Amino acid sequence: MALTKEFKETVMQLCKDPEYRRALLLEALESYLEDDIAVGNALLRDYLNGTQAFGDVAAELQMKESGLRRMVGPQGNATAKKLFGLFKVCQQREGIRSADEFLITPYVVRTSSTG
């Protein structure tokens with residue numbers, strides 16, 4: 001299902017907030033740990049699209065942008081090495097230096113009351 005232009009613009013607007021970007025990364029990590037790979041990929045994709053960082057992050061990971069897009073796509077199945085490399089680059093972009101600093105974020109992305 002294609003995303004609407006309005007949704008894409010909303011994500012880009014929200015990604016101007018550093019706390020929201022950190023929360024997206026944290027939610028993605030939690031989704032992977034809960035074995036919800038599709039949601040984790042979608043959240044990372046939202047982060048990369050919202051920050052317009054696909055090209056820069058792919059270059060830092062020494063891979064093609066198209067490969068990074070596949071990696072976080074709906075059928076993406078990254079290796080642990082590539083996935084943790086991606087998180088490391090994203091954390092560095094956000095100025096996060098430690099796991100403790102990463103895990104302390106006041107902003108919550110999930111809106112589900114069952115979550």
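Phe-87 counts as buried because its relative accessibility is 5%, where buried means under 20% relative accessible area with a 1.4 Å probe and protein chains only. The model is predicted, so local features need pLDDT of at least 70 and side-chain atom pairs pLDDT 80 or more, while totals for chains, interfaces and linings use all residues. Residues are numbered from 1 along each chain as its sequence is written, and side-chain values use heavy atoms, without hydrogens and water.

| Residue | Relative accessibility |
|---|---|
| Tyr-32 | 12% |
| Cys-15 | 4% |
| Cys-90 | 0% |

The structure has one aromatic pair, a term for Phe, Tyr or Trp rings (six-membered ring for Trp) with centres within 6.5 Å. Tyr-32 and Phe-87 form this pair, with 6.1 Å centre to centre and 85 degrees between the planes, which is edge-to-face (over 60 degrees). Tyr-32 belongs to helix H2 and Phe-87 to helix H6, so the pair ties together parts 55 residues apart in sequence. Helices are DSSP runs of H or I with at least four residues, numbered from the N terminus.

The charged end of Arg-69 sits over the ring of Phe-54, 3.9 Å from its centre; the criterion is CZ of Arg within 6 Å of the ring centre and within 35 degrees of the ring normal.

Buried residues of H3 include Gly-40, Leu-44 and Tyr-47. The buried residues of H3 pack against helices H1, H2, H4, H5 and H6, with contact meaning heavy atoms within 4.5 Å. Just after H3, Gln-52 has a positive phi of about 50 degrees.

Notes: Buried < 20%, exposed > 50% of the residue type's maximum accessible area, 1.4 Å probe, protein only. Helix = DSSP H or I, 4+ residues; strand = E, 2+ residues; numbered from the N terminus. Phe/Tyr/Trp six-rings, centres within 6.5 Å; stacked < 30°, edge-to-face > 60°.
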